[in-house]
Structure formats: C-alpha cells, structure tokens
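Please keep the sequence and the 3D view at hand while reading.

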Amino acid sequence: MKMRDSTTVIWCLVVYVLLFVLHTNLLTCLRSKSQVDEEGNKRALKSEMKQSLLPPPQHLQSSQARRTITCDRSHREYDLCSINGPTVLDPKSSTFYPESPTNSAQHHIVEKVRPYPRKWENFTLSKIKEVTLTSGPKSPPCQVRHNAPALVFSAGGYTGNFFHDFNDGFIPLYITVNSLFADQDDVVLVISKARDWWVRKYTDLLQTFSKHPIIDLDKDNSTHCFTSANVGLISHGFMTINPTLLPNSNTFKHFRFFLDKAYGHGQKSQNHHQNHGLNPRKSLPRLALASRNGATGRVILNQDQVQQLAKEVGFDVIVFEPKGTTSLREAYGLINTSHALVGVHGAALTHSLFLRPGAVFVQVVPLGGEWVAENCFGTSARAMGLEYMEYKIGVEESSLIDKYNRSDALIKDSVALQKKGWSNGIMEIYLKEQNVKLDLVRFREYLERAYKKAKRFMNNEG
C-alpha cells in the first residue's frame with residue numbers, strides 16, 4: 001500500500017515538472033514573438049517616416065506643377081495662362097515663379113505667352129513682349145508683397161489708335177476682369193509697353209479697373225509677390241461683349257456704365273439743367289459732327305455744307321475733331337451730353353462708346369467699308385442701345401470715281417471684291433485714298449429721321 005502511494009506521488013511530481021517546463025517555454029516563445037513584432041513595428045514606422053521626408057515621385061510632382069500652371073490656348077484671338085497660387089514676378093526677366101516650387105530641377109514646367117488679344121496676326125504678336133511662367137527653379141526673394149492677384153497684358157501692338165486702344169485693350173480688359181475676378185474688385189495690373197503718354201491719357205480708366213498703381217513690366221526692377229497671376233486678355237471678337245460667356249452676364253451696357261463711372265461725374269444732370277435753361281439754343285438737340293479734316297482718307301469734302309444742313313434740320317451742331325492729345329474727360333463730356341453723333345467710319349467713331357443709351361449714332365459708310373463699319377461700330381452701337389443708322393454712300397459720293405473706272409470691281413461691286421480677301425492694297429484704297437462728298441438731298445432725309453429720334457431722346461433724358 002505504501003509502495004503504491006510513493007509511486008503515485010512520484011508520478012505527480014513528474015507531471016507537475018513537465019507542466020511547469022511547458023508553461024515556461026510557452027511564455028518565453030510569446031515574449032520573443034512580442035519583441036519581434038515590436039521591433040518590426042519600429043522598423044516599419046522608421047521606414048514610413050523616411051518615406052514621408054522624401055520628395056513625391058516625379059510623375060506626381062509634374063502633375064502637381066501642371067495644376068499650378070495652366071494655359072488655355074484654344075482660342076483664335078488670345079492665349080491665357082495662370083499661376084494658381086502664390087507667385088513671385090521677376091520683372092527683369094518677365095518671369096513668374098510659384099512662391100513655393102513643387103518639383104525638382106529636372107522637371108520644370110515652362111509656359112510662354114504674349115499677352116495681346118490678336119493671336120492670329122503673327123507679325124503683330126511677334127512685337128509683343130513674351131512673359132514666362134515656370135515651376136522652377138526656386139523663385140527670387142520677394143521685395144514687394146501684394147495681397148491681390150496680378151493681371152498681365154501688353155499695351156503694345158496697335159496701341160495709340162483710339163479704336164484699337166479699346167478693341168484690343170480696354171474691352172478685353174473689362175471682359176477678363178469680369179471673367180476671372182467677378183467676385184472681387186481687387187487686382188493689380190502688370191503692363192508692358194505702358195508708355196507715359198498712354199498712362200496719362202487713360203489714368204481715370206485704369207484707376208477704375210484697379211485701385212493699385214500699375215506695375216510697369218519694362219521699367220520696374222523689384223520682385224513682386226501676388227496671391228496668383230493671370231497672363232493675357234480674353235477677347236470675344238471685334239468690339240463685342242458676349243454676356244453668355246461671362247459669369248455675371250454683363251453686357252455692353254454694363255461696360256458703358258463702367259466708362260461713366262470713370263468719366264461721368266454727374267454730367268447728365270448738368271446737361272439736363274442746361275437744356276431747361278433760358279438759352280433757346282440749349283433746347284435744341286445737340287449733334288456732334290466728327291471731323292476728319294487733316295486725316296488721311298475718309299474726309300467729308302463738303303463738311304461745311306453738311307454742318308449747315310444739320311442746323312437747318314434743327315440741330316445745335318458742334319464739330320468734334322479729336323486729336324491724340326484730346327483729354328478723354330473733355331471728349332466724354334461733349335459726347336455724353338450730345339444727343340446725336342455723325343461721322344464717316346474711322347477710329348474717331350470709337351467715341352460712340354461715350355453716347356448715352358438711346359442717343360442717335362449715324363455712321364457714314366464709304367465704298368468698301370460695309371464689313372468694317374458693321375463689325376467695328378454697328379454691333380457695339382446696337383448692344384449699347386443706341387439708335388443706330390448707317391448712311392452708305394453711293395458711287396457718285398466717293399472720290400474714287402475720279403481715280404478708277406466705273407466698271408472696275410473696286411467701284412462696281414466692292415462687296416464681291418472683298419470676299420476674295422481684305423488685302424493691304426484693298427484697305428489702302430478704301431480707307432486711305434477715298435474721301436466722300438455727301439449728297440445733301442439724300443443725306444437730309446437721314447438727318448431729319450435722326451432729328452426726330454434725338455429730339456425725343458432729349459425730351460425724355462435731357
């Protein structure tokens with residue numbers, strides 16, 4: 001009995017020892033695995049930290065840079081490029097850099113644009129300063145900081161011709177501002193070819209676009225920082241504002257009100273007071289007769305008789321002969337307070353933009369001038385709500401019959417001739433060689449119709 005009990009005790013001790021050893025080994029294995037996992041986690045974390053300090057892959061860098069610098073080159077009239085974020089301008093090289101470059105030196109994004117909205121004219125565009133937008137290398141330090149975006153364009157090209165100053169300049173500038181900055185009224189204008197005489201002439205208008213001093217891209221030597229930059233001007237075509245292409249649906253009438261903001265200053269009320277004063281001539285509708293005396297081509301050879309005829313019809317006539325030095329405030333004051341404007345097609349008729357909606361505009365169209373008359377002034381006149389009339393001269397009213405045979409296509413069918421192309425030679429003949437001598441009997445009919453419209457407008461609007 002005692003022997004059996006001893007055997008039992010021994011076996012119990014053996015089992016206990018075995019269980020203890022097994023338990024100890026199991027704990028050791030678990031601790032070892034835990035240490036291995038912990039070391040693995042540490043190594044993985046270190047690897048992730050190292051990866052986060054490395055630059056992103058090259059294809060991702062390039063994609064990010066292209067989101068920062070974008071260009072729209074799909075239009076016939078213009079290119080438009082942008083840096084969509086903080087940017088630094090180095091005017092010495094006409095180059096914009098992102099303030100914080102996003103990619104390596106091996107993969108710079110570089111875009112170049114000539115910011116003038118006549119892209120289809122290679123000869124003209126070749127004379128426009130090129131502006132560069134690049135994602136690298138590192139930008140120069142900022143010397144002048146602006147808390148506003150930059151809008152860059154050129155006042156080169158045909159600038160100096162009053163029509164082109166608006167057609168290629170201020171109308172596209174208005175469209176661009178209302179397309180890109182419709183929800184803000186703060187933009188810095190950066191302009192190349194901003195000649196002193198041009199800045200002086202258009203100071204009031206430039207200050208209406210921007211409260212900031214303009215930056216002269218040709219003369220400034222300091223680096224400038226902006227919240228973003230847009231290079232180029234948007235054009236909708238000759239003297240056109242297409243409201244369907246603007247986020248705020250602005251029309252040509254809105255542009256006209258914008259001009260009034262720059263030059264108006266209550267002139268309508270002043271004119272209304274004068275018209276109701278004691279001077280009997282102030283009760284007559286005022287007609288501004290645009291004169292081209294001294295110009296090359298399209299001169300009214302019998303201007304004195306036309307002036308007298310307009311007076312006989314009932315107008316108070318003022319001969320308007322603008323010069324390059326004519327103050328725009330003075331010109332605006334005259335045209336804005338007139339009830340009718342009459343003149344032969346030419347740059348001076350751009351002053352029709354200063355007429356109030358409802359006023360009368362009579363454009364005398366010389367031979368061969370049908371297309372340019374309509375596209376340069378007819379379209380904008382209707383868009384502004386003017387009472388627009390065209391007086392197309394007859395063959396006998398053109399001085400070209402003294403130089404060319406009546407059977408010549410130049411005289412006989414100018415429209416068909418131009419369908420073959422508006423060459424420089426054709427333009428020279430129709431616009432520079434030709435003067436007009438109006439048929440006073442026929443023209444009187446147009447003036448009488450214009451008088452009725454102008455009189456009604458004066459009575460309603462002053």
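## Overall make-up

Buried means under 20% relative accessible area, exposed means over 50%, and partly exposed lies in between (1.4 Å probe, protein chains only). Of the protein's 462 residues, 48% count as buried. The model is predicted, so local features need pLDDT of at least 70 and side-chain atom pairs count only at pLDDT 80 or more, while totals for chains, interfaces and linings use all residues. Residues are numbered from 1 along each chain as its sequence is written, and side-chain values use heavy atoms, with hydrogens and water left out.

The secondary structure comprises 15 helices and 17 strands; these are DSSP runs numbered from the N terminus, with helices being H or I of at least four residues and strands being E of at least two. A contact means heavy atoms within 4.5 Å. Among contacts between residues at least 6 apart in sequence, 76% join residues at least 24 apart.

## Disulfides

A disulfide is taken as a pair of cysteine sulfur atoms within 2.5 Å, and by this rule the protein has two disulfides. Counting bonded cysteines along the chain, their pattern is 1-2, 3-4.

The torsion about the S-S bond of C71 and C81 is about 115°, so the disulfide is right-handed. C71 is partly exposed, at 28% relative accessible area, whereas C81 is buried, at 0%.

C142 is joined to C225 by a disulfide with an S to S distance of 2.1 Å. Because C142 sits in the loop between β6 (131–134) and β7 (144–145) and C225 sits in strand β11 (residues 224–226), the pair ties together parts that are 83 residues apart in sequence. C142 is partly exposed, its relative accessible area being 28%, and C225 is buried at 0%. Another cysteine, C376, is buried with a relative accessible area of 8%.

Helix axes are lines fitted to C-alpha atoms over the stretch in contact, and angles run from 0 to 180 degrees between N-to-C directions. Angles under 35 degrees count as roughly parallel, over 145 as roughly antiparallel, 65 to 115 as roughly perpendicular, and the rest as oblique.

Helix α4 (residues 162–180) packs with α7 at an angle of about 95°, and their axes are 11 Å apart. The two helices, α4 and α7, are therefore roughly perpendicular to each other. On the α4 side, F166, F170, I171 and Y174 meet F252, H254, F255, F258 and L259 in α7. By class, the residues of this contact are eight nonpolar, one polar and no charged. Here Ala, Val, Leu, Ile, Met, Phe, Trp, Tyr, Cys and Pro count as nonpolar, Asp, Glu, Lys and Arg as charged, and the others, Gly among them, as polar.

## Helix α7 against α10

The axes of α7 (residues 252–263) and α10 (residues 328–336) come within 10 Å and cross at roughly 125°. The orientation of α7 and α10 is therefore oblique. In this contact R256, L259, D260, A262 and Y263 of α7 meet L328, R329, Y332 and N336 of α10. The contact of α7 with α10 has five nonpolar, one polar and three charged residues.
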